[in-house]
Amino acid sequence: MIRVQQNDFDIGAEIEAVKAGRGDIGAVVSFIGTVRDQHGAISEMTLEHYPGMTETELSRIEQEAQARWQLQACLIVHRVGTLRPGDNIVLVVTASEHRDAAFDAAKFLMDYLKTSAPLWKRESGRDGARWVAADPKDDGAAARWKKRAAE
Amino acid sequence: MRVLYFAWVKEKAGIAAEEIDPPAEVATIAELIDWLKARGPEFANAFARSEVIRAAIDQSHVRHDARIEGAREIAFFPPVTGG
């Protein structure tokens, strides 16, 4: 399941919802990305996105994870709009029978999301406002999964 | 067709969305970028480093050699930075 929303999410409630009524889950992994103030330089971050395509891409990434690992559940929640240091940006929850699938799938989801979901961060703070530049390391992280699939 | 611009591409172009009707010889994303750049200095500026601009046709990522025939919605944006 995927969601794009302005509101914050309740991590405990999201994990409980994933587990609710199920006895077949043995491992739950969660990742939360949050806004950094970068040593006081950033006071605000605004996330712009491409409504419609963001949801399509997140669903596609989720389906790819479901195809690669035996997952009991998979959740991506991404926030958009204006956030402040310490605020949650993104939540990924994966659940599986054993921990390896949940750990690997959570990392895969984040690595892929960072290079394909159409979202853009604009930071503002004491030095003005600027669009965050893409990090080439993120492309490398996503590419490693393609290499593993080809092996 | 409808064209959308996001993030700094939108800011530099000075527009978020518009309807365009390029001539038939504009067949690919790369050719559409060249056509857009010729429309004015703000587009020339937005697409100055066209190699870094990403494109989507009908909400799917495409390369610059993708053909645009039949596209309903084309989007241009910088490399994504979510997560």
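## Chain B: fold and dimensions

Among the contacts in chain B that link residues at least 6 apart in sequence, 53% join residues at least 24 apart. This description rests on a predicted model. The secondary structure of chain B consists of three helices and five strands, which follow one another along the sequence in the pattern β-α-β-α-α-β-β-β.

With a radius of gyration of 12 Å, close to the 12 Å that the globule rule gives for 83 residues, chain B is as compact as a globular protein of that length. The C-alpha trace of chain B spans about 35 × 30 × 20 Å along its principal axes, and buried residues account for 30% of the 83 residues in the chain.

## The side of chain A that touches chain B

Contact between the two chains involves 22 residues of chain A and 14 residues of chain B. On the chain A side, β3 (42–49), α2 (53–68), α3 (99–116) and β7 (119–125) each supply at least two residues, and α3(A) gives the most, with five residues. By class, this side of chain A has 13 nonpolar, six polar and three charged residues.

## Packing of α2(A) against α3(A)

The axes of α2(A) and α3(A) come within 10 Å and cross at roughly 150°; because that angle is over 145 degrees, the two helices are roughly antiparallel to each other. The crossing of α2(A) past α3(A) is right-handed.

From α2(A), the contact is made by E57(A), L58(A), I61(A), A65(A) and R68(A), and from α3(A) by A105(A), F108(A), L109(A), Y112(A), L113(A) and S116(A). The residues of this contact divide into eight nonpolar, one polar and two charged.

Methods. Residues are numbered from 1 along each chain as its sequence is written. Chains are lettered from A and ligands numbered from 1 in the order in which they are written. This is a predicted model: local features need pLDDT of at least 70, side-chain atom pairs count only at pLDDT 80 or more; totals for chains, interfaces and linings use all residues. Two residues are in contact if their C-beta atoms, placed from the backbone, lie within 7 Å. Helices (H or I, at least four residues) and strands (E, at least two) are DSSP runs, numbered from the N terminus. Ala, Val, Leu, Ile, Met, Phe, Trp, Tyr, Cys and Pro count as nonpolar, Asp, Glu, Lys and Arg as charged, and the others, Gly among them, as polar. Axes are lines fitted to C-alpha atoms, for helices over the stretch in contact, and angles run from 0 to 180 degrees between N-to-C directions. Angles under 35 degrees count as roughly parallel, over 145 as roughly antiparallel, 65 to 115 as roughly perpendicular and the rest as oblique. A crossing is left-handed if the near helix is turned anticlockwise from the far one by less than a right angle, and right-handed if clockwise. The radius of gyration is taken over C-alpha atoms; the globule rule is 2.2 Å times the number of residues to the power 0.38. A residue is buried if 20 or more other C-beta atoms lie within 10 Å of its own, exposed if 12 or fewer, and partly exposed in between; C-beta atoms are placed from the backbone.
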